[in-house]
Amino acid sequence: MKRIFYFFCCLIFLSLWSSCRKDFDFSPSKGQLSFSRDTIYLDTVFSNIGSSTYNLKVYNNSNEDIVIPSLQLQRGENSGYRLNVDGIPGKSFENIEILAKDSMYVFIETTIDYNDFKNTENTYLYTDQIAFDSGANQQTIELVTLVQDATFIYPSKDNDGLIETLSVEVNGEVLESNIQGRYLTDEELTFTNEKPYVIYGYAAVDNTKTLTINAGARLHFHANSGLFIAEGASIHVNGTYSNDQETLENEVIFEGDRMEPLFADIPGQWGTIWLFNNSTNNHFNYATIKNATIGILSEGNPNEEKLTLTNTQIYNSSNFGILGRNTSITANNLVINNSGQTSFAATLGGKYNVTHSTIANYWRSSFRQYPALLINNFELDENDTAYLADLNEANFNNCIIFGNDNPEFIIDELEDDAVVFNFKFTNCLARFQKSASNNFDGSNYDFENTEHYENMILNEAPDFKNPEENELIIGDNSAAKNAGSTLFSNLVPFDILNINRTSNPDLGAYQHVIFEED
């Protein structure tokens, strides 16, 4: 009898408990949702390349559990946008529940084919709406995306899905590599400013060919992609000075293929511009190279004019801004900053002549082992065996070498009577402070030795405008002001902003300005 009584008590309790629950009593939405934003701008995307994922937060501020009868893209299944609601992908949804005083996320992506909307502007503003409910209760969120046409360069795939790789000529012998990419055709060897170039894998320039890049061209590289300038090939980057320093209309810009502002300064988004051994006669003028793994990798040909850089900026390289390996580089008005290892690495000897340049490193993303400028005459193999080569010249004239570490240049010589090691800094501002924690002794660090150093300014402030943001123009309080030699400024009479410097030249790539006070 007691067991039967207990059973009925439990049954009554459960019945009363369930009748009191409101968790499953949802009322239809009355058009009173609120949102984290009323318009979602999915930043510029290239044709047929997916965007980042954006989110919209939807709030139920009422005291009732509600159900949204419908949630859909106004263009329906033909929309170029994609939604994800509560982990379910689609373009339309029904009966979406939100508890009282709760919220939910809607995730939005897009992939749009520009050819569906082709016009003379090479861009198209694509829009749609997310509609919550219908009729009098309908609420909408605007979706806006600028779609940009581009020239796409990518390797082929075979029937098994294997991606084409480069064959590389080394001293006349053709070797197969595992570098994904293809050689440009003759018709592709001139890049114009008509529309951007989006490159997957390595776009390679073959022996005896020259890639010419016209002023105003824009090159965008996918992850692990870049340019490969083969033996006997050349690259000529023909940027010119831009009157508008915001749009840089005549600059040639190399960067990643993610156009969202979040990716504007993220290092390591693509590979490198690789000047392979025995490539020749390579020129860069008014070029900006940013967010690469290595900005420029130059190998070999130390006794030739391998690479000439003028008015060129290299920023946010996850490893090296410039990595030279037994090579020849001439640079005027070069600016480098924010490199994960070294901004300018002149390794395994070679020949380097750098004038009126700013070599800086204010990297903050991780621990940095090396200085802004590294010079050595060797490389080590996997067994730590050293291979030495002549450092024929390493001349730095009217330069600034600075950063957020100390020291910011290292002369790393393995002494051997069989090789030469020639370097000299003339009229340079550098950060180099000897301390108990570093061990930089010997003639290579004797700043009174005029064979290696003349008119050096050590550890005084360059007064950069905002080095963390790659603004390396100097101010009126800079120690570099009027400190240059006219011997070198007459060789490079205009700074990177086209300002005459033949009288009272400053050090570095910029003549000083008076900063406006905040």
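How many salt bridges does the count come to? The count comes to 13 salt bridges. A salt bridge here is a side-chain nitrogen of Lys or Arg within 4 Å of a carboxyl oxygen of Asp or Glu.

## About the model

This is a predicted model, where local features need pLDDT of at least 70, side-chain atom pairs count only at pLDDT 80 or more, and totals for chains, interfaces and linings use all residues. Residues are numbered from 1 along each chain as its sequence is written, and side-chain values use heavy atoms, with hydrogens and water left out.

Strands of a sheet pair through backbone hydrogen bonds, either parallel or antiparallel. In this model, five strands make an open sheet, ordered β2-β4-β9-β6-β7, with antiparallel pairing. The edges belong to β2 (34-35) and β7 (88-90); each has a single partner strand, so one side of each is left without a neighbour in the sheet. Strands (E, at least two residues) are DSSP runs, numbered from the N terminus. Two strands pair if DSSP finds at least two bridges between them.

Look at β6 (residues 81-85). Five bridges join β6 to the antiparallel strand β9 (residues 102-110). Y81 stands opposite T110 in β9. V85 has V106 as its bridge partner in β9. β6 also pairs with β7, antiparallel, over three bridges. Here N84 stands opposite P89. β6 and β7 form a hairpin, with two residues between them. In that turn, D86 has a positive phi of about 55°.

In a regular strand the side chains alternate between the two faces of the sheet. β6 has a covered face of Y81, L83 and V85. R82 and N84 make up the uncovered face of β6.

## A buried charge without a partner

D133 is found in the loop between β10 (123-132) and β11 (139-148). Asp and Glu count as negative, Lys and Arg as positive; His and the chain ends are not counted. D133 is buried, yet has no salt bridge. Buried means under 20% relative accessible area, exposed over 50%, and partly exposed in between (1.4 Å probe, protein chains only).

Which side chain of opposite charge is nearest to D133? K30 is the nearest, and it is 11 Å away. Leaving aside neighbours within four places in sequence, D133 is in contact with S29, I68, P69, S70 and Q138. Contact means heavy atoms within 4.5 Å.

## Charged pairs

R368 and E408 form a salt bridge, at 2.8 Å from N to O. The pair links distant parts of the chain, 40 residues apart. R368 sits in the loop between β29 (358-361) and β30 (373-376). E408 sits in the loop between β34 (400-403) and β35 (409-412). Both R368 and E408 are buried.

R182 forms a salt bridge with E188, their closest N and O atoms being 2.8 Å apart. R182 is buried, with a relative accessible area of 17%. K465 forms a salt bridge with E471, where the closest N and O atoms are 3.8 Å apart. E471 is partly exposed, at 32% relative accessibility. Shared partners also join E299, R325 and E379 into one network of salt bridges.

## Empty space

Rolling a probe the size of a water molecule over the atoms shows where empty space is left. On a 1 Å grid over the protein atoms alone, a cavity is a set of points where a 1.4 Å probe fits but cannot get out. A pocket is an open set with protein on both sides within 12 Å along at least five of seven lines. Lining residues have an atom within 4 Å of a point. Volume is the space filled by probe spheres set on the points.

The structure holds one cavity of 30 Å³ or more. The largest cavity has a volume of about 40 Å³. Its lining includes T44, F46, D257 and R258. The largest pocket has a volume of about 1,400 Å³. Of its 47 lining residues, the closest to the centre are Q245, Y315, E469, N470 and E471.

## Strands at the pocket

Among the strands that each supply at least two residues of the lining of the largest pocket are β22 (252-256), β24 (282-290) and β26 (307-317). β24 is mostly covered, with seven of its nine residues buried. β24 and β26 pair in parallel over eight bridges. T288 has Q313 in β26 as its bridge partner. β22 and β24 are also parallel, with three bridges. V252 stands opposite A287 in β24.

Technical notes. Helix = DSSP H or I, 4+ residues; strand = E, 2+ residues; numbered from the N terminus.
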